[in-house]
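Let's take a walk through this structure, from its aromatic contacts to its surface and one of its pockets. Keep the 3D view open as you read.

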Amino acid sequence: MRATNDAPSVPFRVSGSVSSGTILQPLNASMIAIAIVAMATHFGTSAGISWVISALYIATAVTAPMGGRLGALFGARRVYLVGLVLVGIGSIVGSLAPDVGWLIAAYILLGVGMATHFPNAMTMIRGYAERYCRQPRTALMTLVICSQAVAALGPTVGGLLVGTFGWQSILWINLPVVVLSAIAVTRIADVGFVGGTSASGRQMLNSLDIVGITLFLALITTTMLFLLSLGGEPVWWLIPVWAVALALFVVRERRAGEPFIDVRALSRNRALSATLARTLLTYTSFYCVFFGIPQWLQYARGMSATQAGLTMLPVAAVAICSTIVASWTYRRFGARRTLVVGTCALLVGGLLLASVERSTAPIIVLLLVAAVLGIPQGFNNIGNQNLINSVTSVAEVGTAIGMYRTVQNIGANLSAVVLQVTAGHVIGDEGIHRTGWFIAAAGVILLVEVLLSRNIVSRSVSALPVEVT
């Protein structure tokens, strides 16, 4: 039985309980941006540390689309709890890691575990709402607000932890969250058993598209290895390997009954493809800011982790405020103008980063540049995510949002490559300036595309909530 609009909301003891595990992803994604310098110092090398970030986001990119399917096959609460266990194991392994290889493995476990929480939290809330005829809208918004708040505070919390207890503390902090979340979901939230089927092993494998996932991993890994090699001597033989992986991936996904990435939807829906491409470039630029500036603050300006975390606070704070303003802008003026505002801010922020960001600049300049760079996240997220809602049917929107989240994670991986090529292992003034020029160039490309694109629909719908990753 479906709840009416005037039905009571899902109680906070349910939404708050299932939200407790979803904060792990934004928390860890934001804290690692501050801790990366301390990790490099601890292990005596910065060469392999970029792969720690890549490990987290590749694992998340692969697992995020699978999270809901796994919940449907084995039960949402069961998969949610398994994700908590993986986060706990990854946190312990990472904090005790003897070398970078172990740390990378730990962050793979973290990425896999954290990616299962959000889709299955949504499933549990909707299952509860249907069972008790409750309205899920407020509960789903709770998930988003928790993610935004934690993402905003993550750099500051991470800076305080690293500055006081060392980089390992950003992993230890996960353990009490894991325990409290497990207790809340099993003892406080009456979510019951949602999902689960009696499908055969063969049907489960087909549903998860293991072959497609393997080819996707090969495609992403060869892309990153080749792009990283451009900073020194290019590894040209990776190009044919990449081409073969791409061809096999496209063929496989076009034929798969339940594809990991719905290539057929992308080929027939140009508006969706354009939105995802725009999102990829936007998030690559955003994560260059998110990961690059904290390293520059610590390497070039000699800031402590705590100081760097506090300096990054305007980025997240402005992002939250700009999300609210962007929601109003979208409802009033539509997607194109919303995206123009965000893209212009990205362009201006890149130019500021390339021109005024210096190790000798006054702190007020750094804070103002950080504030400008927080605007695009709110406006571009609202514009692009609502465009996906506008250009897809009800049956397609779930898959499209899953692809949107995957593209976000791919953008995080590409940002590590961009930082490596433009700034090197140790980011100084010249490196951050080159990164700023890349962001400005991306802003120009995005602005031209937004102004000229025929795929941006003009109709406006109620703005969707945006999850911060």
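Helices here are DSSP runs of H or I with at least four residues, numbered from the N terminus. Keep in mind that this is a predicted model.

With that numbering, Leu 452 sits in helix H20, which covers residues 429-452. Is Leu 452 buried or exposed? Its relative accessibility is 66%, and exposed means over 50%, so Leu 452 counts as exposed.

Now for the rings. Searching the whole structure turns up 13 aromatic pairs. Take Phe 43 and Trp 167: their ring centres are 5.7 Å apart and their planes meet at 45°, so this pair is tilted. Phe 43 belongs to helix H2 (residues 24-43), while Trp 167 is in the loop between helix H7 (137-165) and helix H8 (169-172), so the pair ties together parts that are 124 residues apart in sequence. Both Phe 43 and Trp 167 are buried. Elsewhere, one aromatic cluster is formed by Tyr 57, Tyr 283, Phe 286, Tyr 287, Phe 290 and Phe 291.

Last stop: the second largest pocket, with about 650 Å³ of space. Its lining has 23 residues, and those nearest the centre are Leu 219, Leu 266, Leu 280, Val 407 and Ile 410. Helices H11 (210-229), H12 (238-255), H13 (263-268), H14 (270-299) and H19 (394-423) each give two or more residues to that lining. Which helix gives the most? That would be H19, with 6 residues.

Terms used:
Residues numbered from 1 in each chain as written. Predicted model: local features only at pLDDT ≥ 70, side-chain atom pairs only at ≥ 80, totals over all residues. Heavy atoms only, no water. Phe/Tyr/Trp six-rings, centres within 6.5 Å; stacked < 30°, edge-to-face > 60°. Buried < 20%, exposed > 50% of the residue type's maximum accessible area, 1.4 Å probe, protein only. 1 Å grid on protein atoms, 1.4 Å probe; cavity = no way out; pocket = protein on both sides within 12 Å on 5 of 7 lines; lining within 4 Å. Points joined across faces, edges and corners; volume = space filled by probe spheres on them.
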